[in-house]
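Here are some friendly notes to read alongside the structure. Take the points one at a time, and look up each named residue as you go.

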There are 2 protein chains.
Amino acid sequence: MMSMEEGIISICQQAKAASSLLAKASTPQKNDALLAMSHMLSRRKGGIARENRRDMKKAKERGLRKSLIDRLLFDEERIMSRVSALEHIAALPDPVGNMSPVRQMPSGLRVAKMRVPLGVIAMIYEARPHVTVNAGAFSLKSGTAAILRGGSEAANTNLLLGSLWREALEEVGLPQSAIQVLPPSGHEAVEFLLKQSEYIDLVIPRGGKELIKTVAEKSTIPVIKHYQGICHVYVDDRANLEHALNISLNSKLLMPEVCNAMETLLIAEGIAPSFLPQVVESFHKEGVELKGCDRAREIVPELIPATEEDWSTEYLDKILSIKVVKDVDEAIAHIATYGSQHTDAIVTEDYSRINRFLREVDSAVVLVNASTMFDDGEELGLGAEVGISTERMHARGPMGLEELTSYKWLVWGEGQVKT
Amino acid sequence: MMSMEEGIISICQQAKAASSLLAKASTPQKNDALLAMSHMLSRRKGGIARENRRDMKKAKERGLRKSLIDRLLFDEERIMSRVSALEHIAALPDPVGNMSPVRQMPSGLRVAKMRVPLGVIAMIYEARPHVTVNAGAFSLKSGTAAILRGGSEAANTNLLLGSLWREALEEVGLPQSAIQVLPPSGHEAVEFLLKQSEYIDLVIPRGGKELIKTVAEKSTIPVIKHYQGICHVYVDDRANLEHALNISLNSKLLMPEVCNAMETLLIAEGIAPSFLPQVVESFHKEGVELKGCDRAREIVPELIPATEEDWSTEYLDKILSIKVVKDVDEAIAHIATYGSQHTDAIVTEDYSRINRFLREVDSAVVLVNASTMFDDGEELGLGAEVGISTERMHARGPMGLEELTSYKWLVWGEGQVKT
């Protein structure tokens, strides 16, 4: 019987071995594996949904919180959305082997950078069985082996998905260990996994703040966090107010539970008296709980008083804090103090204020006259996204296939030596 | 009196505050600071060399190893080479604010990526006072604040250079805390610094293997390692042998002490009988100690027998191990087993073997018919280099100014909301 440590080392070694084969796999072969998985999900959606119902039942019995149970659901509808996601990823261009323009250097050497796979990725995540499909698909397409460790609450669903991945990989002649789904295990196993920098090149944690923090602290492997988004829309006094209203509503309401949803609305004092009552009415109609600063409450007294804490809270819910600010300077300063450098938007027609906002707001995605919902890999031209990075290193904002690769330098000479 | 922890937090906070101002500094202002430092080094080289002699004296008294003492030397000649380095960095283009092409998306949004400063970098290094000049200059030019922690052996030299940086920054109206040189301090202080991920965005350790390993293990901040290079030249049986000899000699001898110097020479068995005696003679003339595998020793019996350990040893010295291999396959397999994915070269005229070597050798820099000495930021078109990264994430191989930056996404809309 293997010890926990031996088991993990063995998984890592298999992933590493698979990664060398996967790095050489052709684009059609990788796409065939994605499509094989897609067919398998479609054909066996009944069985997958049944495993998921077992997980759901246990989760309810264990009294897990509602938001977690929502994310755990993987019914036939959600399975079918992964079927199309896999087809979409198969249709995207393969980033591996892409070359930068070749430059001729003064030495006569020709030099280029070529995209290569990262190697081995470990994903540590909670609930959401769809990550088992997505993360597997993204790493496979980018030529990287994946070790997927989901939460114990989704164990039955994830283990079945893991065996489907093995089948799909085998069907096209790729190594089954290219995508490995770990069985549920204790914290010690995860901590031990996070020290295997010899085998694993990147760790991506997905889930609550605590999970992400713990992974970042324990890992000796590079980590790309997908952390919280305290996102702002600033409505300037030179805004087109129809745009401002639409953008505010869309930024909050399209998907209140995602990281790039607006959490705080900043309104310039010059238009607050006219705009604020209008925006309050629209949000109240949609059942949004509104909190306001003192100046906002002078205009609309029924707003709940916002506390200092509200400005740095990621509600991920139909709750919004509203602050009246003097001008774009105060808006930029507020975002610098309370924001999380994730996604922030300005609504204005003023050229200079647009440029200042774009330059001075230090967020991964800064938008002008557009909803924060556009912070999305597909909308920004990456084809699809595996997540939104809150790092400054390697990849910032939405991560597509290319962001999951590394590169190497190629140099062609004709006998050159250096003097 | 501040505690160690309070002292470090205060340094970090000053760096963070300086980084926001530095991020907004204009290119001419940053260049002026670089040139002010350059003039100051030139004017005060006598005083700097004097402080360095104090460090050298102490180091000799403490019996430090010769290689460390060599790296510690910062005499007038080395100071003057930093004077030109600063002028060179001032003349390079500023990466901050550079924009990718703007793409028009189906939504009508226009989207681009803009280079922005990383924030705050901490550099942990041994000896080599020239790092205090270089690392400061690179981070300044790339708009990032630097915390520089050199070894205690260079304390006097580094503290003087730190005060010159403060003068240079003040002279042009930039915050003095943009480049902070830490006084010598215990390991606890460094370990505490490596936990300040709230303030520091990147840690770069420079020095021996042990230092780099410790920093990588203790840090909760992203680390870019500049680790060891076990670099190979493979001479194929279809090589131009004049090229092969020149490239072998240059790769070993130009600077045997640097990470991209060749450590192992691989020779195809087809040409070993003619090429090996020739290469042995040339290397022996240059005083290089040569170790060989059994097959090499059959051809040239006076070679020292190479042990298994030799193939994974970074000599950084006039020592070379030589192995006879069957063909390009065995060369690629040897490099995969013993190499460090740093810099590897093939010498051949065979088109297919070139392509295989470029594709299959998974190193940061892979060269064809050129010396490994060309793994250098300037030679590869980066203008200059702060070092050679052995990471797969963020930056691989030589790092120039752009590799010290991050980016943000800019999005221009006209009222778009997402459906």
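**Notes on the predicted model**

1. G377(A) sits in the loop between β13 (365–370) and β14 (387–389) of chain A. Please keep in mind throughout that this is a predicted model. Is G377(A) buried or exposed? Its relative accessibility is 0%, so G377(A) counts as buried. The cut-off behind that word is a relative accessible area under 20%.

2. Next, look at what surrounds this glycine. Leaving aside residues up to four places away in sequence, G377(A) touches L382(A), G383(A), A384(A), E385(A) and P398(A). Take P398(A) from that list: it lies 21 residues from G377(A) along the chain, and the C-alpha atoms of the two are separated by 5.0 Å.

3. Now turn to a sheet in chain A. Its 4 strands are arranged in the order β5-β4-β3-β6, the sheet is open, and the pairing is parallel. Which strands are at the edges? They are β5 (179–181) and β6 (202–206) of chain A, each of which pairs on one side only. On average, and with direction ignored, neighbouring strands of this sheet are turned by 15° against each other.

4. Two helices pack on that sheet. Helix α6 of chain A, residues 130–141, touches β3, β4 and β5 of chain A, and the direction of this helix makes about 165° with that of β3(A). Helix α9 of chain A, residues 209–218, touches β3 and β6 of chain A. The direction of α9 makes about 160° with that of β6(A).

5. For a closer look at one pair of strands, find β3 (residues 120–125) and β4 (residues 145–149) of chain A. They run parallel and are joined by 5 bridges. As an example to locate on screen, I121(A) has A146(A) in β4(A) as its bridge partner.

6. Let us move to chain B and follow β4 there. How many bridges join β3 (residues 120–125) of chain B to β4(B)? There are 5, and the two strands run parallel. Opposite I121(B) stands A146(B) in β4(B). Strand β4(B) is also joined to β5 (residues 179–181) of chain B, by 3 bridges, and this pair runs parallel too. Here L148(B) has V181(B) in β5(B) as its bridge partner.

7. β3(B), helix α6 (residues 130–141) of chain B and β4(B) make a right-handed β-α-β unit. Going on from β4(B), helix α7 (residues 155–171) of chain B and β5(B) complete a right-handed β-α-β unit with that strand.

8. How much of β4(B) is covered? Strand β4 (residues 145–149) of chain B is mostly covered, with 5 of its 5 residues buried. The covering applies to both faces: A145(B), I147(B) and R149(B) are buried on one side, and A146(B) and L148(B) are buried on the other.

9. One backbone angle deserves a check in each chain. R128(A) lies in the loop between β3 and α6 of chain A, and its phi is near 30°, a positive value in a residue other than glycine. With 27% relative accessibility, R128(A) counts as partly exposed. In chain B, R128(B) is found in the loop between β3 and α6 of that chain. Phi of R128(B) is near 30°, again positive in a residue that is not glycine. R128(B) has 28% relative accessibility and therefore counts as partly exposed.

10. Now for the cysteines. The count of disulfides over all chains is 0. For C231(A), the nearest cysteine sulfur is that of C259(A), 6.9 Å away. A disulfide would need the two sulfur atoms within 2.5 Å. C231(A), at 0% relative accessibility, counts as buried, whereas C259(A) is partly exposed, with a relative accessible area of 23%.

11. Finally, compare the two chains.

Note on methods. Residues numbered from 1 in each chain as written. Chains lettered and ligands numbered in written order. Predicted model: local features only at pLDDT ≥ 70, side-chain atom pairs only at ≥ 80, totals over all residues. Heavy atoms only, no water. Pairing = 2+ DSSP bridges. Axes fitted to C-alpha atoms, helices over the stretch in contact; angles between N-to-C directions. Contact = heavy atoms within 4.5 Å. Buried < 20%, exposed > 50% of the residue type's maximum accessible area, 1.4 Å probe, protein only. Right-handed = clockwise from strand over helix to strand, strands pointing away.
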